[in-house]
Amino acid sequence: MTLIEEGLAARVIERALSRGGDFAELFCEERHGFTLSIDESRVERPQSGSERGAGVRVIDGEVTRFAHVDGLAEEDLMRAADGLASALAGDGTEPLALKAAAPPELQEIKVDPASVPAERKAEVLREADERARSAGDEVAQASASYSEGRRRVAIFNSEGLEATDDRTRVRLGVQVVARKNGTVETGFETLGEHRGFELLDGDPARIADQAARKAITLLGADPAPAGEMTVVVGGGFGGVLFHEMTGHGLEADAVQKGASVYAGKMGEKVAEPLLTAYDDGRMPHEWGTGAIDDEGTPSHKTAVIEEGRLTSYLYDRLRARRDGTESTGNGRRATFRDLPIPRMTNTYIQPGDADPQELISEVEKGFYAVSFGGGQVEPATGDFVFGVSEGYLIEGGKVTKPCRGATLIGNCLQALARIDAVANDFEMKTGFCGKAGQTAPVGTGQGHVRIKGMTVGGTAV
């Protein structure tokens, strides 16, 4: 079932360009969501919601005009198109006839999560809660949440494009709070994919064990060390560091504004040849995956750094046009109420040849950052500060004492240049990324990565 008829879409685009403009686009969306949570061993009231709407955009030179409407009624869509056209005073522009693109290769959804009773979803939460609480007497609190969402989009534009996508995501998250002798620590773990309810086959409650282990382990943590040392960044959640310190600086809107440390560095060496990194919106079942972006461009696997050299920025249509190049399929928007902007999808460092244990064993004294909390990055300078949510000392080539209160302080270009080993234990994790008031699902990943010489800010001297 299509969201709107092709003929209506064509009329909206024609009306939007009736008084000029270079480009017009109609973005239609329908979304459904469901969430359920458990806290203090009580399953909370389920929440569900749905909405439909559309955004209409007209580009005239360097000026973009945009309107959005709730619902997909013809009179509302035409009114939005008229409003945009009224801001122009030229001759009409004739759009090309719409032509449906080949159906995208959608991720197979074996079990539609909407077809699964809420009672079954509550069972998953109860099992996670029980597993977390049985991990040890130190566990003081446990909570878990389940969410599912389906998003159908249809994009039409004046260049004749007609494209659709159907995206279903399922996610389970567990948070555990442990307490001992006045010390309180938190552990968090997630499981999520662009997949149906089959994601929770097997043993999804294993993430409760992992969250509890993290919280209990950190109860025995010492104050973090301070100073410059070798840092090993863990796989999976460790990929957040690359996402934040490098990925945002490669988004073309920041580059074109001169607000990125990577501006003007295309083709230059920014890391050792052992490092290759991608943004890949086509990765099967990953959190940031989609058949197309939110402008109808097929998702790409884009090498942003190849054997140490900067090889691509991440583009939507508008920024690609300004640079005389093609979109990389990174035009994303949070909802139909938003304009598309360049956004990462699944960003990761390609697995290397190193064994993770050998990578650590070669460090006499250093710090092991397994996962991160919040952080700040200044894209224009590349300077960053990240809080470490789980970290350990490395002494004599072995991971030893857990540490609390650690931060990683550095500069993107310096940190990239000092990566001297990438391990083969590749893992992806889920996340949400905020930018320009919009939030988007993203995947991050890597194997273990070693950085020779990085400042660790801590409380120990």
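**Notebook: strand S24 and its surroundings**

I began at strand S21 (residues 419–422), which is joined to S24 by three bridges in the antiparallel sense. The model is a predicted one: local features require pLDDT of at least 70, side-chain atom pairs count only at pLDDT 80 or more, and totals for chains, interfaces and linings use all residues. Residues are numbered from 1 along each chain as its sequence is written, and side-chain values use heavy atoms, with hydrogens and water left out.

For the record, helices (H or I, at least four residues) and strands (E, at least two) are DSSP runs numbered from the N terminus. I treat two strands as paired if DSSP finds at least two bridges between them.

**Entry 1: S24**

Strand S10 (residues 227–233) runs antiparallel to S24 and is joined to it by six bridges; here Glu-228 stands opposite Thr-455. Strand S20 (residues 407–411) also pairs with S24 in the antiparallel sense, over three bridges, and Thr-407 faces Gly-457 there. Is S24 mostly covered, or is it mostly open? Seven of the nine residues of S24 (residues 449–457) are buried, where buried means under 20% relative accessible area, exposed over 50%, and partly exposed in between (1.4 Å probe, protein chains only).

**Entry 2: S7**

I next turned to strand S7 (residues 161–180). It is largely enclosed by the rest of the structure, because 15 of its 20 residues are buried. Strand S6 (residues 139–157) pairs with S7 in the antiparallel sense over 17 bridges, with Ile-155 opposite Ala-163. S6 and S7 form a hairpin with three residues between them, and I note a positive phi of about 95° at Gly-160 in the turn. S7 continues to strand S8 (residues 183–193), with eleven antiparallel bridges; Lys-180 stands opposite Thr-183. In this hairpin two residues lie between the strands, and Asn-181 takes a positive phi near 50°. Strand S5 (residues 99–100) pairs with S7 in the parallel sense over two bridges, and Lys-99 stands opposite Leu-161.

**Entry 3: the open sheet**

I traced an open sheet of six strands with mixed pairing, in the order S13-S12-S11-S16-S23-S22. Its edge strands, S13 (309–310) and S22 (427–435), each pair on one side only. S13 is joined to strand S12 (residues 301–306) by two antiparallel bridges, and Glu-306 has Arg-309 as its bridge partner in S13.

**Entry 4: Glu-395**

Glu-395 belongs to strand S18 (residues 383–395). Its relative accessibility is 36%, so I record Glu-395 as partly exposed. Which residues does Glu-395 contact, leaving aside neighbours within four places in sequence? They are Glu-364 and Thr-400, with contact meaning heavy atoms within 4.5 Å. I also noted that the C-alpha atoms of Glu-395 and Phe-367, 28 residues apart along the chain, are separated by 8.6 Å.

**Entry 5: the whole chain**

I count nine helices and 24 strands in the chain. Of its 461 residues, 54% are buried. Among contacts with a separation of 6 or more, 74% involve residues 24 or more positions apart. The C-alpha trace spans about 75 × 55 × 35 Å along its principal axes.
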